[in-house]
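Here is a short briefing on one protein model. Look at the structure first, then read the points below.

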Amino acid sequence: MTDLVVDSFEEHRPLLLGLAYRLLGSMWDAEDVVQEAYLRWSGGDRSEVEEPRAFLITIVSRLALDQLRSARVTREAYTGPWLPEPVSAEEFGPMERAELRDTLSYATLHMMERLSPPERAVFVLREAFDLPYDAIAEIIDGNAAGARQLHHRAVQRMAGGRDRFEPAPADHSELLGRFLDAATSGDLDTLKDLLADDVVAWNDGGGKVRAALRPVDGREHVFAFISGLLARYEVGEPTIVEANGAPAIWISVDGGEQLVAFDVRDGRVQGIFAVMNPDKLDRIRP
């Protein structure tokens, strides 16, 4: 195997990891997919490959689609809510375009779980990587009109009648700071005011640690849930970390470590994602 073959693949590895991760929500699975793509690239006939980037995107997308279809069955049997594995955005190289940052956000990844595998593939390939519909159609074994329709349907399901992406990072950081100050100082009135009326809190323990087995819906219920945790358990000193390109909180509650990510919209917390499953925390641990 020549160094040129290896270098050609390594040049695209961060992009391919980012693609597979957006499709699967799991860095472990994404790495498996990219490794399989590497084996096919290094062991196959590349004489007719004119554009390595497009060729590798096609391989990774198809492998990830197959993996996603089987993963959905596994996730349906998961203990409690399944949340994506949080990662650092640095894993995927520079994020020059807003679309790359937006499709990596934790809230967007979580919303992608409501899409079918083909819808998710089309959404990611179009939104994050700006592929034309005819190229996407080849990847999903369809036609350009069908790919366009899948993308339209995916955007509608993702938006749910509102902007699907998060605000500027400065807004996210500012609100997260206020939330953290209110929680640590015991200013429960301010904390409650920062929650949207229809806020939802998800807790992913994966059956490995104690966690709420159903999402907690609505301001009153989420506020009571958070207040109960603060009153009942020993809470460690929180640390601000970067997760999926945005600020998040690393904290211990009753001796168990967790990462808490937020969906921030219109100046309030719309979603709270507490990842407690230790299998999902290794890559984001401070």
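The residues lining the largest pocket split into 27 nonpolar, five polar and six charged. Here Ala, Val, Leu, Ile, Met, Phe, Trp, Tyr, Cys and Pro count as nonpolar, Asp, Glu, Lys and Arg as charged, and the others, Gly among them, as polar. This is a predicted model: local features need pLDDT of at least 70, side-chain atom pairs count only at pLDDT 80 or more, and totals for chains, interfaces and linings use all residues. Residues are numbered from 1 along each chain as its sequence is written, and side-chain values use heavy atoms, with hydrogens and water left out.

**The largest pocket**
- The largest pocket has a volume of about 870 Å³.
- Its lining has 38 residues, and the closest to the centre are Leu 229, Ile 251, Val 253, Gln 258 and Met 276.
- Helix 11 gives the most to this lining, with six residues.
- A pocket is an open set of points on a 1 Å grid over the protein atoms alone, with protein on both sides within 12 Å along at least five of seven lines; lining residues have an atom within 4 Å of a point.

**The largest cavity**
- The structure holds one cavity of 30 Å³ or more.
- A cavity is a set of grid points where a 1.4 Å probe fits but cannot get out.
- The largest cavity contains about 50 Å³ of space.
- Of its 11 lining residues, Tyr 106, Ala 243, Ala 246, Ala 261 and Phe 262 are the closest to the centre.
- Strand 4 supplies the largest share of this lining, three residues.
- Seven lining residues of the largest cavity are nonpolar, three polar and one charged.

- Six strands form an open, mixed sheet in the order 2-1-6-5-4-3.
- Strand 2 (216-217) and strand 3 (239-243) are at the edges with a single partner strand each, so one side of each has no neighbour in the sheet.
- Strand 3 and strand 4 pair in the antiparallel sense over five bridges.
- Two strands pair if DSSP finds at least two bridges between them.
- Thr 239 has Trp 250, in strand 4, as its bridge partner.

**Helix 3**
- Helix 3 (residues 52-76) has 25 residues and reaches 36 Å from its first C-alpha to its last, close to the 36 Å expected at 1.5 Å a residue.
- The expected span is 1.5 Å times one less than the number of residues.
- Helices (H or I, at least four residues) and strands (E, at least two) are DSSP runs, numbered from the N terminus.

Conventions:
Grid points are joined across faces, edges and corners, and a volume is the space filled by probe spheres set on the points.
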